[in-house]
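Please read them with the structure open.

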Number of protein chains: 2
Amino acid sequence: MLEALKEAKKAQAKDEVPIGAIVACGNQIVARAHNLTETLNDPTAHAEMQAITAASAYLNGKYLNDCTLYVTLEPCPMCAGALYWSQIGKLIYGAKDPKRGYSLLSNTLLHPKTEVTSGIMANEAAVLIKSFFKTKR
Amino acid sequence: MLEALKEAKKAQAKDEVPIGAIVACGNQIVARAHNLTETLNDPTAHAEMQAITAASAYLNGKYLNDCTLYVTLEPCPMCAGALYWSQIGKLIYGAKDPKRGYSLLSNTLLHPKTEVTSGIMANEAAVLIKSFFKTKR
């Protein structure tokens, strides 16, 4: 999660909403990504989406059953839906998203085999996001 | 929708699940895409996702409020979640997806301002998909 927070800080440095994601398989990091929706003018360029695409390309396969996605904020429904198709083994996220977190909408957005852990370094992740939005007001 | 069906047939020719999507703004088509999950080894490479990314790039903006997405099959939750972020003006789809259609999970996956029409050339879209899966059995 420390590595995902580093990615979030890269997004912050680009004036993007600071969210970072990592995909790890075993002890190896196979993808690193941060939110780039503004830079790319692309509403789909969330950290998780890019991390899934990059990990699948690296592993040369669509399925990430043996991998873990670490992300600083709870995924939105789009990202949870992408994690479903990837059949990711584990999802570990930091802060809850009280506005658009996937768990607010449905418990069946993720794949039934995906294990979920939340609240890891949640404070660090939330502070980053809150301070970003404070500068925008 | 005829143009979206043409895209679906391009996917079929590549041995991909035959689904096609078009984004139109006014009378102009600004993006065409078809499912490429196998070709790209990317579970996020649905027709709609690529169409949203391409349309946003073409229009140089993240929001598609004045656009319509035509897609041959009901979007999945990932694609509906992406359409939410794009704030797409209208969604017009063909066949219902009884397995993973977004409407099975939640009615709040799309943006509240998005108008939805379904069933347009549904039979043509469904026949394409059914015949594809028949060859896979």
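1. Where does A:Thr114 lie in chain A? A:Thr114 is in the loop between β4 (90-95) and β5 (115-118) of chain A. Helices (H or I, at least four residues) and strands (E, at least two) are DSSP runs, numbered from the N terminus.

2. A word on conventions. This is a predicted model, in which local features need pLDDT of at least 70, side-chain atom pairs count only at pLDDT 80 or more, and totals for chains, interfaces and linings use all residues. Residues are numbered from 1 along each chain as its sequence is written, chains are lettered from A and ligands numbered from 1 in the order in which they are written, and side-chain values use heavy atoms, with hydrogens and water left out.

3. A:Thr114 has 10% relative accessibility and so counts as buried. Buried means under 20% relative accessible area, exposed over 50%, and partly exposed in between (1.4 Å probe, protein chains only). The A:Thr114 side chain reaches the backbone oxygen of A:Ile88 at 2.7 Å. Leaving out residues up to four places away in sequence, A:Thr114 touches A:Gln87, A:Ile88, A:Gly89, A:Lys90 and A:Leu91. Contact means heavy atoms within 4.5 Å.

4. Next, α3 of chain A. Nine of the 10 residues of α3(A) are buried, so this helix is largely enclosed by the rest of the structure. Among the buried ones are A:Met78, A:Cys79, A:Leu83 and A:Tyr84. Their cover includes α2, β3 (67-73) and β4 of chain A, together with α2 (47-59) and α3 (77-86) of chain B. Just after α3(A), A:Gln87 takes a positive phi of about 55°.

5. How much area is buried between chain A and chain B? About 2,400 Å², of which carbon and sulfur atoms give 62%. Buried area is the accessible area (1.4 Å probe) that two parts lose on being put together, summed over both. In chain A, the residues that lose the most area to chain B are A:Lys62, A:Trp85 and A:Arg100, together 27% of what that side buries. The contact takes 28 residues from chain A and 28 residues from chain B.

6. Two salt bridges cross between chain A and chain B. The rule asks for a side-chain nitrogen of Lys or Arg within 4 Å of a carboxyl oxygen of Asp or Glu. B:Glu38 forms a salt bridge with A:Lys62, with the closest N and O atoms 2.7 Å apart. On the side of chain A that touches chain B, the elements giving two or more residues are α2 (47-59) and α3 (77-86) of chain A. Of that side, α3(A) gives the most, with seven residues.

7. Charges over rings. The charged end of A:Arg100 sits over the ring of B:Tyr84, 3.4 Å from its centre. The charged end of B:Arg100 sits over the ring of A:Tyr84, 3.5 Å from its centre. The criterion is NZ of Lys or CZ of Arg within 6 Å of the ring centre and within 35 degrees of the ring normal.

8. Aromatic pairs. Rings of Phe, Tyr and Trp (its six-membered ring) pair if their centres lie within 6.5 Å; planes under 30 degrees apart count as stacked, over 60 as edge-to-face and the rest as tilted. The count comes to six aromatic pairs over all chains. The rings of A:Tyr93 and A:Tyr102 have centres 6.4 Å apart and planes at 80°, so this pair is edge-to-face. Both A:Tyr93 and A:Tyr102 are buried. B:Tyr84 and B:Trp85 also form an edge-to-face pair, 5.1 Å centre to centre with 80° between the planes. B:Tyr84 is buried at 19% relative accessibility, whereas B:Trp85 is partly exposed at 28%.

Definitions and conventions: Polar contact = N/O pair within 3.5 Å; in protein donor to acceptor, adjacent residues only side chain to side chain.
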